[in-house]
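Here are my notes on the model you sent over. Have the structure open while you read, and click through the residues as they come up.

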Amino acid sequence: MKELLHATTVSLILIAPAAFAQSTDITGVEINSVGMRMVPIAAGSFERGRDEPSPEHWDEEPAHKVSISRPFLISDTEVTIEQFQQFRPGFTGSMTEGSYTVGLSWHEAVDFCQWLSKVEGKPYRLPTEAEWEHAARAGTDTPFWSGNENPESGRGNPWGLKNVHSGPLEWCHDWYGPYPYKDQVDPVGRSGGLNRVIRGGGLDRKTPEYARAGNRAAYSPSFAMMEGTEAGMYSGDENLSREPTLEGLIGVWFGTTKFEKPKALDHMPVLDVDWNDFQQPGEDRETNWSARWVGTVVAPADGEITFHIASDFAVHLSIGGKTVVGWEGLEIEKSGGIEMKKGAHYPVLIDYVHSEGERSYLNITWSWPGQEKTEIRKANLFHSPAQGKDMRLKVPRLYLPGHHSIGFRVVQAALPGTEPLAVEKPFFRECVVQSRSNVKKGPDAGKPWYRRRALLPIPPTYVPWHQSRAVGLPKGFRGHIHNAGLAVCPNGDILVSLFTSKPGPQGEDQPEVMLIGSRLRFGAAQWDMPDVF
């Protein structure tokens, strides 16, 4: 409550007088035929971006003035499932953001706008990135429209928009690209690119910094929800097979030590895991958590099979409904045996608890007469489609494969006639030889030939970001660079893409990540200067 009162006080002090004047008498609100509340946004200007170098906000540089010359109408919230279903009956989406439509691609959002334009006889479209920020700021120049603190959930800003700092991510019209070094009027982004801009809260639930009005991000426009993962698939109406046909055990990990607060689906293809080196999609496992996996184990031999479990805190192993090994309270290794018949299938259940401590690991092996302790192979672990469905029903859909939390809100106005900015291509995409005639040429095969060069153009690892910038490397490069992907082109060139992120634990799952690209041109001894992919 103290934090809430503090945030409210700040908002009253920092909202600009002009914005407050508009908020007291919002006129011209329209309710369209699908039930959207369209609020008017007046023309105006704001300062976009920043001039202070920062590894987290490199794509917000430089600061420049943006003017919106014409008023427009914008939906006060993101498009709801009920509204989207009028365009596409039966749509459910990811269902990760309550009643709001999420889990669809940029193209699907554009299709909805085109459909709505025909229904209404008025132009509907996605907001430009500049229009979105202008409307979200509502005349303020602070990180949030409410000041320096994120507003209380559900509150509308002074111009009537809700959820700009929370809820779904939102597709914008623009191709993603760097800001220009000049002021702009009615900008519409770049003329092309690889990704479309997304804005809004929800990019990182733990860190309000990524919900600021000025924060930017981007995704591939074709990034739709994975086909076959719609909510109807898990409705429980179908009779999925309970035959163990899928590899590994399946389960859920929980945010407490008491198997409460399910977090995410957990597939266990092998029974040897060290979670100190493991990152779960959506949220890291912290100091206290638990997990439960189910499935089938195929017996490796006839007679008594002994299971050996090493773990940091607590484990319970049940096979065929019988407890084989179980303990709680300390790091230890224990063993237990059970009679089995070679090739037979036995139901298996594993409960695991991690409570405090630096180590978090689980290792289960087995042995039998004539066979020393050995790993349990993938070929001996299975689960059924029905068990997979049961586990998927327990977890938030946000962390299911193929589900995401990107939605959109709509603007009712013609797109500004501004010319888009040219695409700034890195050098490795320029001056590319199109001929293949030289590809088969090489040194004389009859003579010894040696050449030594670095395999990849990787920037120095764990170098502070300001040092990388000082020598001319792009400002988005971070200290942790790895996971190279190579492609040999038809003209003999080699392209490489590398992943760069914040160094240290939990760096790879933070939002400020990017891909580096470079080219080794056919016949060249050196790679091109690495650049943003």
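1. Strands here are DSSP runs of E with at least two residues, helices are runs of H or I with at least four residues, and both are numbered from the N terminus. Before going on, some housekeeping: this is a predicted model, so local features need pLDDT of at least 70 and side-chain atom pairs count only at pLDDT 80 or more, while totals for chains, interfaces and linings use all residues. Residues are numbered from 1 along each chain as its sequence is written, and side-chain values use heavy atoms, with hydrogens and water left out.

2. Now the sheet around that pair. It is an open one of 4 strands, in the order β10-β9-β7-β24, with mixed pairing; two strands pair if DSSP finds at least two bridges between them. At the edges sit β10 (217-219) and β24 (406-407), each of which pairs on one side only. β9 and β10 run antiparallel and are joined by 3 bridges. Strand β7 (residues 169-175) also runs antiparallel to β9 (residues 196-199), again with 3 bridges. Across that pairing, Trp171 stands opposite Ile198 in β9.

3. Stay with β9 for a moment. In a regular strand the side chains alternate between the two faces of the sheet. What covers the story here is burial on both faces: Arg196 and Ile198 on one side, and Val197 and Arg199 on the other, are all buried. Buried means under 20% relative accessible area, exposed means over 50%, and partly exposed is in between (1.4 Å probe, protein chains only).

4. Two arginines are worth a click for their aromatic neighbours. Arg196 lies over the face of Trp175, at 3.8 Å from the ring centre. Arg216 does likewise with Tyr179, at 4.1 Å from the ring centre. The cut-off for a charge over a ring is NZ of Lys or CZ of Arg within 6 Å of the ring centre and within 35 degrees of the ring normal.

5. On to the aromatics: a search of the whole structure finds 19 aromatic pairs. Rings of Phe, Tyr and Trp (its six-membered ring) pair if their centres lie within 6.5 Å, and planes under 30 degrees apart count as stacked, over 60 as edge-to-face and the rest as tilted. Take Phe112 and Phe408: the ring centres are 5.6 Å apart and the planes are at 70°, so this pair is edge-to-face. Phe112 lies in helix α4 (residues 106-120) and Phe408 in the loop between β24 and β25 (411-412), so the pair ties together parts that are 296 residues apart in sequence. Phe112 is buried at 0% relative accessible area, and Phe408 is buried at 0% too.

6. The C-alpha atoms of Arg242 and Ser384 are separated by 4.9 Å, although the two residues are 142 apart along the chain. The side chain of Arg242 also makes a polar contact with the side chain of Asp390 (3.2 Å). A polar contact is a pair of N or O atoms within 3.5 Å; within protein, one must be able to donate a hydrogen and the other to accept it, and residues adjacent in sequence count only if both atoms are side-chain atoms. Arg242 is in the loop between β10 and β11 (246-247) and counts as exposed, at 55% relative accessibility.

7. A few backbone spots to check by eye. Glu61 and Pro62 are joined by a cis peptide bond, with omega about -5°; Pro62 is in the loop between β3 (44-48) and β4 (64-68). Asp186 is not a glycine, yet has a positive phi of about 50°. Asn483 is not a glycine either, and has a positive phi of about 55°. Asp186 is in the loop between β8 (184-185) and β9, while Asn483 lies in strand β26 (residues 480-488).
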